[in-house]
Amino acid sequence: MRMLSGLAAAALMCAALMSASAAAYAADIERCHGAMAWQVLGSGGPELNQRAQSGHVLWIDGKARAVLDAGAGTAVNFGKAKGRIEDLDVLALTHLHTDHSADVAAYIKASFFGERERVLPILGPDAGNGFPSIRGFLQAMFSGDAAAYPYLGGFMREGGAGYLVEPNVLALREGEIAVVLRNERMTIRATAVKHGPVPALAYRVDAGGHSVVYLGDTDARAPALLKLAEHADLMVANMAIPEGGNDPVANALHAPPSRIATLARQAGVQRLLLSHWMLRSEQAMPQIRKDIAAIFPGQLLVAYDGECVNLDKPARLGTPQPGASKASRSP
Ligand SMILES: [Zn+2]
């Protein structure tokens, strides 16, 4: 009887802890509304490791204006964050690995039930090495009888749906930094980066006197990255490998912590947000934090799903906070 009571109490406590953790998590996802803020919709990928895969949203004056990458789980988190697809000026993909693009169809289908009327530009890379261009990718999903989702083909035809999805292929020369979107709220620039053989891009968004650079998946060796990232308020880097890894394929695809930290320091960025945690890098997180803090003097942040970086608040320069990680708060 005593044992049963103990078990029952433990179960109750466990349920209470789980619901408290779920409540805290939901609150984190909902609170990111500022003059300009960057919110992590997914801090993991491609493993199913309790984090949603890669995706982020830029808030301007309380509205979701740009989504960058759309890995699995991020469309749901966009909804939890109270983002409205009607407000989006653009959806920009760094590359077409599934953990950065699998939720594109989820966003498009969800928008069917909204009130969007204006064109939605979707930016992405050109074709190469077995990968389609962003146009080919969207056509393969939506256009024609052989598409994966032909019932959504109206989004790719003028007058076919409530609004038009417009692929924008960014065929950039090596070293080129191009303005790829400009409107009254923001300017987005892009450059081509090396991600093994995968056509890939990095983006910079400037809005309201602030700037964010999103490197995406890359070995971070492209010289143009230094210029793209110059004096950014925030650099978002994918931390997919630990320092000194001996997997040549992974090393060709991704950058080790020291290279990311050096780029951030040389570019003079104020904050560095580490995202895209895989099991191999998450296990090494304490060492990665130390390695980066030894090189990069700015504010170091470890992404968790729903994390909001309010760019109106000044960075805490020179004070990396080893105790401030909220990564463990991912559900
Ligand atoms: Zn990738």
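**Walking through the model**

A: Start with a caution: residues 14-27 have pLDDT under 50, and the model gives them seven contacts beyond four places in sequence. pLDDT is the predictor's confidence in each residue, from 0 to 100. A contact means two C-beta atoms, placed from the backbone, within 7 Å.

Q: What ground rules apply here?

A: This is a predicted model: local features need pLDDT of at least 70, side-chain atom pairs count only at pLDDT 80 or more, and totals for chains, interfaces and linings use all residues. Numbering starts from 1 along each chain as its sequence is written.

Q: Which other stretch has pLDDT under 50?

A: Residues 319-331, for which the model has 24 contacts beyond four places in sequence. Where pLDDT is low, the predicted coordinates should not be read in detail.

Q: And what is the mean pLDDT of the protein?

A: The mean is 89, and 87% of the residues reach 70 or more.

Q: How many helices and strands are there?

A: There are 10 helices and 14 strands. Both are DSSP runs, numbered from the N terminus: helices are H or I with at least four residues, strands are E with at least two.

Q: What is the strand order in the open sheet?

A: Seven strands run β7-β8-β9-β10-β11-β12-β13, with mixed pairing. Two strands pair if DSSP finds at least two bridges between them. The edges are β7 (177-182) and β13 (299-302), each pairing on one side only.

Q: How do β7 and β8 pair?

A: They are antiparallel, with five bridges, and β8 covers residues 186-193. Together they form a hairpin with three residues between them. In that pairing, V179 has R189 in β8 as its bridge partner.

Q: What about β9 and β10?

A: They also run antiparallel, joined by five bridges, with β10 at residues 210-214. V205 stands opposite V212 in β10.

Q: Switching to the inside. How much of the protein is buried?

A: Buried residues make up 47% of the 331. Buried means 20 or more other C-beta atoms within 10 Å of a residue's own, exposed means 12 or fewer, and partly exposed is in between; C-beta atoms are placed from the backbone.

Q: Which residues touch the most others in the largest nonpolar core?

A: A202, V213, L234, M235 and L272, out of 96 residues in that core. Strand β9 (residues 200-207) gives the largest share, six residues. A nonpolar core is a set of buried Ala, Val, Leu, Ile, Met, Phe, Trp, Tyr and Cys residues joined through C-beta atoms within 7 Å.

Q: What does L272 contact?

A: Leaving aside neighbours within four places in sequence, L272 contacts M235, A237, A264, I292, F296, G298, L300 and L301.

Q: What share of contacts is between residues 24 or more positions apart?

A: They account for 64% of the contacts with a separation of 6 or more.

Q: Where is the cis peptide bond?

A: It joins G45 and P46, with omega about -10°. P46 is in the loop between β1 (36-42) and β2 (55-60).

Q: What is the phi of D69, and of K82?

A: D69 has a positive phi of about 70° although it is not a glycine. K82 has a positive phi of about 70° too, and is not a glycine either. Most residues other than glycine have a negative phi, and most peptide bonds are trans.
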